[in-house]
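Q: Could you go through this one with me? I'd like to talk about the ligand and then the sheet.

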Amino acid sequence: MKLAERMDRILVESAFEVLVRARALEATGRSVVHLEIGEPDFPTPAHIVAAAKAALDEGWTHYGPTQGYPELREAVAAHVSSTRGIEAGPEHVCIVPGGKPILFFPMLALLEPGDEVIYPDPGFPIYQSMTQFLGATPVPIPLLESRGFSFDLDALRDKLSGRTRMLILNSPQNPTGGVIPAEEIRIIADLVRDRDLIVLSDEIYSRIYYGERPASIASLPGMQEKTIILDGFSKTYAMTGWRMGYGVMPEWLVDAVNKLMVNSNSCTASFTQRAGIAALNGPQDEVDRMVAEFARRRSAFCEGLNRIPGVRCAPPGGAFYAFANITGTGMDSRTAADFLLNTAGVACLSGAAFGKYGEGYVRFSYANSYENLMEAVKRIESALAGRYPKISAPVS
Ligand SMILES: Cc1ncc(COP(=O)(O)O)c(C=O)c1O
């Protein structure tokens, strides 16, 4: 039996593929430092786990409302309203299994073949994947290292067209860790406010930042009614395996997302939603501790990378990724990522796996212990010194 033609257009995420290769290498007795997977290395905070256990004991083990329990939607609406400076109510919130369905469902509901979707490149591979899967046209906008991996605004101006149906923003960003400055968010809002398009603002890393709080385009005048905010529990509360996220969107779109949810999942798991209420309404000190530890690792890891000849990495503004420029090594991204895994025993991702403008970079996730990160720096330095003695020779 033949697969549908659209399956030729769907992509996958290389992080999972590299993880399999790294594990295969470990099975042969090699040691690997894992810097490929994008998930916090901390446990889910104990009070959230306790809330889920209590919910199981209390019998929260049946179907719930498709849109999510009202109490959780209330908690999400209050959290998003206060952090983004908007007025969102539970009627704007959809609870779904992870952040990804807030890409999948709204794109499925909104895009027609021929529509154009503007998205950041390098960027989360699912943006391009879903766009082309649905027969729409991917329109990548380069993120520039020279601008802290913010959008190339001139390119954005040029690419906006009568066919642009969706603009995807992601700040803090995967894979670069870049944060779009508030002033640039304002410029972007001015560019799109009067256009017939919707902004999908992927804010899954909204709580993981090291400078000023990242701005949300939804908070600007006239933008909430044309913005979908994607956020969730995976990264903030180290809950990637729980599969719970949410979208905040205009009510007319909530209805469409509910229909797609009822056709696919019926609802998000009930006991995990009770834990979600505990996460949002309970103490936040473990989130703060996790972010402080990411900050410590980020400085030390980037400093370490910058000491390696041929490698350059500006400390990112958010998330837990270091996007290192490796053009000085003379290798392309794919070769560098393979070399670092096979020779240095450090698993990372090729920048080109995030789009063509990711060529020349590799992505390291610093969601690993400080000690392992320092070990990775040592390994990378000595592997490159062995391969490129000329680059590595001390400058006199
Ligand atoms: C930019 C971005 N958006 C969305 C997601 C999806 O998050 P979730 O695991 O909650 O589906 C990720 C996960 O890696 C991500 O990096």
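What follows is a short chat about the ligand site and the strands.

A: Happy to, with the caution that this is a predicted model.

Q: OK, which residues come nearest to the ligand?
A: There are 13 residues around the ligand, and among these D202, Y205, S234, K235 and R243 come nearest.

Q: Which ligand atom does the polar side-chain atom of D202 lie by, and at what distance?
A: The D202 side chain places a polar atom 2.6 Å from a nitrogen atom of the ligand.

Q: And what about K235 and R243?
A: Those two are placed by oxygen atoms of the ligand, with a polar side-chain atom of K235 at 2.7 Å and a polar side-chain atom of R243 at 2.8 Å. The protein covers 93% of the 390 Å² of accessible area that the ligand has on its own.

Q: Where does the ligand sit?
A: The ligand sits in the largest pocket, and the shell around the ligand is made up of four nonpolar, five polar and four charged residues.

Q: Switching to the sheet, what's the strand order?
A: The open sheet has eight strands, which follow the order β2-β9-β8-β7-β6-β3-β4-β5 with mixed pairing. β2 (93-96) and β5 (150-151) stand at the edges with a single partner strand each, so one side of each has no neighbour in the sheet.

Q: How many bridges join β6 to β7?
A: Five bridges join β6, residues 164-170, to β7, residues 198-202, and these two strands run parallel. Across this pair, L169 stands opposite S201 in β7.

Notes
Residues numbered from 1 in each chain as written. Predicted model: local features only at pLDDT ≥ 70, side-chain atom pairs only at ≥ 80, totals over all residues. Heavy atoms only, no water. Near = heavy atom within 4 Å. Polar contact = N/O pair within 3.5 Å; in protein donor to acceptor, adjacent residues only side chain to side chain. Areas by Shrake-Rupley, 256 points an atom, 1.4 Å probe, with all protein chains shown as cover. 1 Å grid on protein atoms, 1.4 Å probe; cavity = no way out; pocket = protein on both sides within 12 Å on 5 of 7 lines; lining within 4 Å. Sits in = over half its atoms within 2 Å of the grid points. Nonpolar A, V, L, I, M, F, W, Y, C, P; charged D, E, K, R; others polar. Pairing = 2+ DSSP bridges. Helix = DSSP H or I, 4+ residues; strand = E, 2+ residues; numbered from the N terminus.
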